[in-house]
Number of protein chains: 2
Amino acid sequence: MIIEHNTMPVVIADDYKCIEQKNTIFIRGLWDPEIIPIMRKIEEAHYNLKLPKGTSGYTTLDAALKAAAWSICMQCTPKNEYGCANKGFYDWDGKKGLKKETFADKSEASLIIKNAAKFLGANLVGIAEYDSRWIYSSWYDFEKGQSVPAKFPFKIESVIVVAIEMDQDACFSSPSLISSAASGLAYSQMAETGKKIATFIRMLGYNAIPCGNDTALSIPLAVQAGLGEVGRNGMLITPQYGPRVRLLKIFTDLPLQADKPITFGVNKFCMKCRKCAQTCPAEAIPFDLKPTMEGTSLSNCSGILKWYTNPEKCIRFWAQNGGDCSNCIACCPYNKWSSWHHNLVEKVTESIGGDILRK
Amino acid sequence: MIIEHNTMPVVIADDYKCIEQKNTIFIRGLWDPEIIPIMRKIEEAHYNLKLPKGTSGYTTLDAALKAAAWSICMQCTPKNEYGCANKGFYDWDGKKGLKKETFADKSEASLIIKNAAKFLGANLVGIAEYDSRWIYSSWYDFEKGQSVPAKFPFKIESVIVVAIEMDQDACFSSPSLISSAASGLAYSQMAETGKKIATFIRMLGYNAIPCGNDTALSIPLAVQAGLGEVGRNGMLITPQYGPRVRLLKIFTDLPLQADKPITFGVNKFCMKCRKCAQTCPAEAIPFDLKPTMEGTSLSNCSGILKWYTNPEKCIRFWAQNGGDCSNCIACCPYNKWSSWHHNLVEKVTESIGGDILRK
C-alpha cells in the first residue's frame, strides 16, 4: 500500500550537511591517491578499445553493445557520469521563448510539465520543492580541478525529477558488459530526455538546468518528489520498477506544485530481505538489521537514517569487472513486486513491531 | 495475411532511374525559385522563435513541445531533415573495434544486429541487400551547394532499415504542432538510434553509415527489407503500426542475411479506401483507382507502379500550417488493423478481381 506524507519520511540529523561534490567517489578518482588508479582502470574499459575478456557476458559483442548504449552519454554529456555539470545536453543555458507562459495555478503547470516529460521520454516524473539540503555543499569545477561555491544562476523554484527505466533482461545479466549496456542506455536516455525537457521549459520562457550525476543528490530529491523510498542498497526503490531506474533532475524557476513523498513498506522490507547485501560481489552493502545515521566512507553523506553502502568497495569491483555492476538492482525483489521472495519477506516483516520511521 | 516474396513485389520500369537528390522537395528549397519561399516559411517556424497562432493545437505550449521533441534532431543532425548527410549523429566515420568480429554465417550476424538494434531503440528492423537502384543518382553537397557523384567510401554489403514508431495520440491530432512534435520525437529517436547502431557495428570492426533523410530512398529500402508495403499516401505501411513510422537506414560492409519483402493486401486495400486522399488538406494525394508508373512532379521518382503524391502541394500546406502535417498517417486505417473502417474496405476490395501486382 502506498502512503503519502506531508514531509520527507526520512530521519535527518539536526547537524546534517550535504557532502561536498569533490568527495563523491567518482570525483575522488581525480584527486584521491586511493581512488585514482581504480578510476583509471574503469575509464580504460569505458573509453578505450581493449579486447574484453571473451567469456560469456564479456565478449566483443557485449563490449560493442555497451559502447553503443553509452555512446550518446559519452559524446553529448562529457564526463557527466563522473559529475561534470553544464556541458552538452546538460547545458544550463539555451534559446528561450519570447515571453513567460502563464498558468492557471501551480497544479496546472505541474500537470503540463509531467505530461510533456512523459511524452519526451520520462518513465516516471515527480516534482520536488527546492530544498538546498540536497545540493552539494560545494561544486567541483572539472576545468579548474577544484571546488567552487554551489550557486545557481537564478532562483530555483522547483525540481523536476525523472526516472528512466533500465532494460530488465539486460540488467538481470549483472555483473556483465550487457548489464552495463542497460546502464548506458539509461544514461543516454537521461541525457536525451533532459535536453528535451529543458528545451520545453525554456520555450515557455523559463530557465532550466538539466542534471544527470552532477550538482545535487538525486536520490533524496526523488524521494522528496514522491518517486519512491531508499532501500538497503542505497538506491531509490520505486513502486513501478523497484531500483531499476536511473535519475535525472531539472532545476527550474517555473513554480510547480510539489508531489508528496511516499512510503510503501520498503524500509521494513529491507530490514529482513538482505538479498542485495548477499548478492553484492564487492560486499559493499551492510547486513545490519537497522539503518544507521553515519556512513563509514568519505563519500557517504552522513546524517540521514539509512543503510550506508561502501562506494570504495563498489567501484573496486567495477574496475575488476570491466564495467559497472548492477547486482544490487537486478536481485531486488521490488523489480517484481509480487514475486514469491517478496511475498515471503513481507510476511516475515509483519512480525517486526513498529515502523522504523516512528522508532 | 502476410505473404513473403523472393523478389521486390513492386512493378519497376525497365528504364527506371533513381532521382538526383537535388530534385527532392526539401533540397529544391535551396535552389528552386518556386520552392525557396515555401521552405523559408517552414524554416522560420522550425528554427525561429515566433509566437504561434494561439488556437488549439497551435498554442505556445504546443510550439514548445514541438521544439523540445525536435531538439536532438536539430542540434545533432544538422539539416538532415532536408537531406544533409554525414554530419553529427549521422557521421559516416567513427572509432572502430580493433579487429573484425566473425560470425557463424549471415543469419547469425543478422539476428545479432536485429537484437542489438531493438535494444538500442528500433521498433522494427529489416535487412535489405544493397541495391543501387534506391541510391540517389547523385548526391547534394550542402556546403558546395551542388550535386556530387553518389559514391560510398567502401563497398556496401547490406542495408539495415529501422522503423521508429511515432506517438499515436500526438500523431492523431494532425494537422497541429502536437503532431509535428510526434514527427520531431521520432526524428530525434532516429538520430539517437542511428548513432547507437552505427557505434555497435563499428565496435565489431565494420563500417557503418547511418542515414536519416539523406543518401537514398528510404521507402523502397524498407519494402525490400520486408518492413511493409507502399500505400496510396506514398508512405511505407507496416503491419504493426500502419504508416505511423519514421525510417532510418544504416549502410554497412558487414554481410547480413537479407529479409524477404512482404505483401499483406495494402495495394488492393488502398485502391478502395482513399481515406488519405480525402483527408489531405493539400489535395496532394491522388484519388485514382489504380496506381501509375509516372509522377507529375520533378520531385517524384517515376518508373515505379504506385500512387504519386504531389510534394509541392504537400509542403505548401506545411508552410501555411506552421509545421509538418501527418493527416495521411493519422487517418490511415492500418493504424488499427481491425477497425470497422478497415474491415469494411477489406470486404469491398475482395470483389476486385486479381491482384494489381499480377495485372
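Ile209(B) stands opposite Phe251(B), a residue of strand 9 of chain B. The model is predicted, so local features need pLDDT of at least 70 and side-chain atom pairs count only at pLDDT 80 or more, while totals for chains, interfaces and linings use all residues. Side-chain values use heavy atoms, without hydrogens and water.

Strand 6 of chain B is joined to strand 9 of chain B by four bridges, and the two run antiparallel. Strands (E, at least two residues) and helices (H or I, at least four) are DSSP runs numbered from the N terminus; two strands pair if DSSP finds at least two bridges between them. In chain B, four strands in the order 2-5-9-6 form an open sheet with antiparallel pairing. Strand 2 and strand 6 of chain B are its edge strands, each pairing on one side only.

| Helix (chain B) | Strands (chain B) | Angle |
|---|---|---|
| Helix 4 (residues 106–119) | strand 2 and strand 5 | about 145° with strand 2 |
| Helix 6 | strand 5, strand 6 and strand 9 | about 20° to strand 9 |

Helix 6 of chain B also meets helix 3 of chain B: their axes come within 6 Å and cross at roughly 15°. These two helices of chain B are therefore roughly parallel to each other, a term for angles under 35 degrees.

Definitions and conventions. Residues numbered from 1 in each chain as written. Chains lettered and ligands numbered in written order. Axes fitted to C-alpha atoms, helices over the stretch in contact; angles between N-to-C directions. Parallel < 35°, antiparallel > 145°, perpendicular 65-115°, else oblique. Contact = heavy atoms within 4.5 Å.
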